[in-house]
Amino acid sequence: MSRLITSLLALLFSAATAFAQTARVQIAHNSPDPTVDVYVNNLLAFDDFAFRTASPFLDLPAGIPLTIAVAPSTSGSAADAVATFDVTFESGQTYFVAASGIVGNPTTPFTLITDASAQEIATDGVGNVNLSVLHGSPDAPAVDVVVRTVGKIVSNLSYGEFTPYLSVPAGDYYLDVKPAGSETIVATYRADLSAAGGAAIKVMASGLLGVPNSFGLYAVFADGTVAALPVSPVARVQIIHNSPSPTVDIYANGDKLLDDFTYRSATPFIFVPADVAINLGVALSSSVSVDDTLVNFSATFENGKTYIVTASGIVGDLNTPFNLNINDNARETAATSGKVDIAVLHGATDAPAVDVDAVFLADNVISNLSYGQFTPYLSLDPGKYDFAVRPSGNNTVVASYRADLSGLADGAAYVFASGLLAGNPDFGLYAALPNGTVIALPLTPTARVQVVHNAPDPTVDVYAGNTLLLNDFAFRTATPFIDVPADRDIAVGFALANSNSVDDVLFTFPASFETGKTYTVFANGLPGNAVTPLTLAVTEAREAALNSGDVDIAVLHG
C-alpha cells in the first residue's frame, strides 16, 4: 500500500496552512478482505489500502467536517465510493479509526469504529506497554480475553467495542480468547512485547470466525506497523526431580531443557507447547547430546492446563521403575483469595500407603495414599500446620512434619514424600513452590506438657484446636507429660463432659509452647465468676529432679 500519496500530502499541507487546529489520527483497515481506496474531501488519501494495514498517526484538520469516502481499489474518483462518512475531529484529541464490518451486510454493515481516547505512547514509563483491545470480528460473539498467569483483561467485549488501555510490563504474554462467561478457549495467541516498552498498541480481533483460517488477533503500532499475533497453544509445566540420587540432564524434542538437574530440586512453572507430542529424554548429567538419554517418554500437554511433572521411581528397579508422575490439575495460586492450596504426592518408593492428620485440626485429611498417587488440593488458611504421617489404617504416628504456610497467602505448594524408609537417601517431606524453590519440611518441634484440672467440680472435655484432647477430664486429675507441637498457636477449649464436637466448647484460651521446654498447664478458677474466672495457668515444669537423689517440688496456690 502506498500510504501517503501526493494528494494526501497536499491535503494535509493545505489543511495545516488554513487551520491551526489539528487532531492526531490513525486509520486501520479491518473490514475483511477487500483492498480499497480512501478519499478525504474528494482527494485520494490512501491508494490500494489493504486489509489489516494501518497508517501511522497523522495530523488531520480538526473542527471542520471531513468526508471520508471508501471505494474499490480500481476507483477513478470519490464518485466510485461504496460508503461515505462525515466526521469532525476535535482539536488536540487522539483518535484510532478502524474501517470495520462487511459491505452490504445489514447486520454488521461497513462502518468506521472510532476510539477518541487513543494513545501513541505508554503513559506510565518506558518499561510498560499500554494495550487496548478492539473487537472487530463481525461474526464473533462477545468475548473474554485472559492473559495466562495474569488474569482476565477483557470481559464481555462485543463487536465494535474498545477496551480502555491496560498497562502491563514489557514481556512475553499468552492471550486466551474465550466466549464471554465461558472457560472454553477458542484460541491462544502469543504477544511478545519484550521489546515494546513505552509503546501503546491496539490489539484488533480481526476476520471472520466462521471462515477457516480467517479469525486472528493483530497488533497495531503507532507507526502503522501491523503484526499478526501467532496462534500459540501452551501449557504451564513445573518439573520436579524426585528419583533418588542421580543428577540428570533432561532433553525435550532433542534439545537440552535442563542441565545438571539435581535430586529434590524443581523448575519454576514455564510455558511449553501444547497439543503436540513432546519427547522427554533423561540422561546422566555428563551427557553430551540427546543420544545419551537413558529413558524417554512422550507427553502431550493440553492448551490452557497447568501440570506438575515429577520424575519418580528408581532406574532399573522392576517394582518401582523410573517414571514420570503427571498431575494435570496443578495450581500456581490459591483458588480462593487469602487461602493457601496444597496437594500431596506419595513419592517414596518403599513406603506403604499412608494416612495423614493435620494435628489439632482434622483426622485423615489424607487417607490411604499409595506410592505414585497425589491428592486433590487442600485449601488452608495461612499458618503453621503439623502433618502426622501414619501407615494407612494404623493409629501409630511414624513422623510429624511442620509446614509453615504463614507467608503463602494466595499461593500454592506441592508437597512430595521423598527418599527411602529403609535406606539412603532418607525419607522426608518436601514442598515445591511455584517459583521452583524446594523446602524440606522439618520434623514437628515439640514441648512436654502436663494438664491439671483444678477448676472446682465440673468434669470437662478438653479440645486442642478441633481435636478432642481429653475426654471426661475430672476435677483434681492430671495427664501424664505428653509431647505437644511447639512454636505455634493452639486454641485450648473446654466443653462439658459428653460433648459432641468442638462446637460445644464454652471457653477457649490461646496457648503456645516453646520448643524443648516442659510445662504444666493448670485449669483454675470458676466458670462465670467475675472475681476468679476460669483461666489457664501455664508454668515451666520438670519431670525429674535436677540433682540425682533429690525430689523437686513446686507449689501452686489454686
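Mentor: Start with Asp-37, which stands opposite Ala-71 in S5. That pair belongs to strand S2 (residues 36-40) and strand S5 (residues 66-72), which run antiparallel and are joined by 5 bridges. A quick word on terms: strands are DSSP runs of E, at least two residues long, just as helices are runs of H or I with at least four, and both are numbered from the N terminus. Two strands count as paired if DSSP finds at least two bridges between them. Strands of a sheet pair through backbone hydrogen bonds, either parallel or antiparallel.

S2 and S5 sit in an open sheet of 4 strands, in the order S3-S2-S5-S6, with antiparallel pairing. At its edges you'll find strand S3 (43-49) and strand S6 (83-87), each pairing on one side only. Neighbouring strands here are turned by 20° against each other on average, direction ignored; the axes are lines fitted to C-alpha atoms (for helices, over the stretch in contact), with angles from 0 to 180 degrees between N-to-C directions.

Keep in mind that this is a predicted model, where local features need pLDDT of at least 70 and side-chain atom pairs count only at 80 or more, while totals for chains, interfaces and linings use all residues. Residues are numbered from 1 along each chain as its sequence is written, and side-chain values use heavy atoms, leaving out hydrogens and water.

For another sheet, look at S4-S1-S7-S8: 4 strands, open, with mixed pairing. Strand S4 (58-61) and strand S8 (111-115) are its edges with a single partner each, so one side of each has no neighbour in the sheet. The twist there averages 40° from one strand to the next.
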